[in-house]
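Open the structure in your viewer and get ready to select residues. This tour goes stop by stop.

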Amino acid sequence: MADSDKTLAGLRDRIDDVDSQLIQLLKLRNELTSKVGEVKSQTGMPIYVPTRESEMIAARREQASSIGLSPDLAEDVLRRVIRDSYLSQHTNYRCINPNITKVVIIGGEGALGRVFVTLFEQSDYKVTTLEKDDWAKSEEIFAGADLVLVAVPIKLTVSVIERLGNLPKQCILADITSVKNEPLQAMLNVHNGPVIGLHPMFGPDSPGMIKQVVVVCHGREPDKYEWLLEQMRTWGAVLHESSSKEHDSAMAFIQVMRHFSTFVYGQHLKEEDPNLASLLMFSSPIYRLELAMVGRLFAQSPALYADIIFNNAESLALLKRFHARFGEALQLVEQVDKASFVRQFNETKQWFGDYAEQCLVDSKKLLLKADDSQLLRKP
């Protein structure tokens, strides 16, 4: 064996040894964070504490810089480790309100409903579910309920709420659908007790609420459901208060327009019928990511996206305006009017302001991570 080969083999052995030590240290860290989780479950402290996380990362970045290590590398590794540690901490949570005798989740066997069933059970609440075949015994199920949470598809939400006119007076009535104004009004009309509208801004594939936003639309008697908000904070949620109308208006842009645009893009690809594998080979990481987002939509329930697009009152008018602006932009291409294109581009860039530059920085980091493991390379 040549001297260079021996040197390389020795260096690789040392690297393997260091990597082995890293694995052992990660195991030790997980054991410590699990103990932290036990303490938090006893005291009611939230799993996610933003100030603690930011201070910890800042300290490790400074340490890395002081010894000649890339602070970005230190932060990337630490954030990945922290994300895993949150999962190891959340097997049990403190029960904020032990006086709650029964939580009923309508649609608790559905995808997102199961997430809430698990979270409540991990906080030692007694949870009962009601599914479509259980209405004959609904009076028995609702008896003594302190919280009824409606977790059914959008198209069924209002009709289900309208069947809840005989809930106990002290019972909190809540829903978690992605449209808020109509369901909130329906709950206020049918129930005289506490009412709150919630929209968890995450899907059923989320392992919980850690770092997830939950929109809160207040209805009636907020003092009666403050414990529920505090419970969600304990689960790690970030709560954002909004009126139901403001929420639905924002969702028209965030969900309806994006999902509809992606649907049309996917339809266009299907009709043009290019070779998908070839497209991916010709695509840079950012374009592979965009294709992945299109593919992601079509891997999920068409009924879900149909409900989101068709059940928002602002959808049609917004999509028509989008269609008109698409046509106006197409005219610039037809007329080879590059000057107008550049002018409009700069006007929009000014509207985005500093956020555009931050997106450029953040997307570069995201793409590097995706490319490291050769994600998104194959259809």
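Rings of Phe, Tyr and Trp (its six-membered ring) pair if their centres lie within 6.5 Å; planes under 30 degrees apart count as stacked, over 60 as edge-to-face and the rest as tilted. Now select F120, Y125, W227 and W235: ring pairs link them into a cluster.

A note on the model. It is predicted, so local features need pLDDT of at least 70 and side-chain atom pairs pLDDT 80 or more, while totals for chains, interfaces and linings use all residues. Residues are numbered from 1 along each chain as its sequence is written, and side-chain values use heavy atoms, without hydrogens and water.

The whole structure holds nine aromatic pairs. Take F341 and F345: their ring centres are 6.2 Å apart and their planes at 40 degrees, so this pair is tilted. Both lie in helix α14 (residues 338–352), four residues apart, about one turn of the helix. Helices (H or I, at least four residues) are DSSP runs, numbered from the N terminus.

Next, colour by accessibility. Buried means under 20% relative accessible area, exposed over 50%, partly exposed in between (1.4 Å probe, protein chains only). F341 is partly exposed at 48%; F345 is exposed at 53%.

Select W351 and F352. They form an edge-to-face pair, 4.9 Å centre to centre, with 85 degrees between the planes. W351 is exposed at 68%, and F352 is partly exposed at 38%.

Last stop: helix α12 (residues 302–310). Which of its residues are buried? Y305, D307, I308 and I309 are. At the N-terminal end, S301 caps α12, with a side-chain oxygen 3.3 Å from the backbone nitrogen of A303.

Note on methods
Helix = DSSP H or I, 4+ residues; strand = E, 2+ residues; numbered from the N terminus. Polar contact = N/O pair within 3.5 Å; in protein donor to acceptor, adjacent residues only side chain to side chain.
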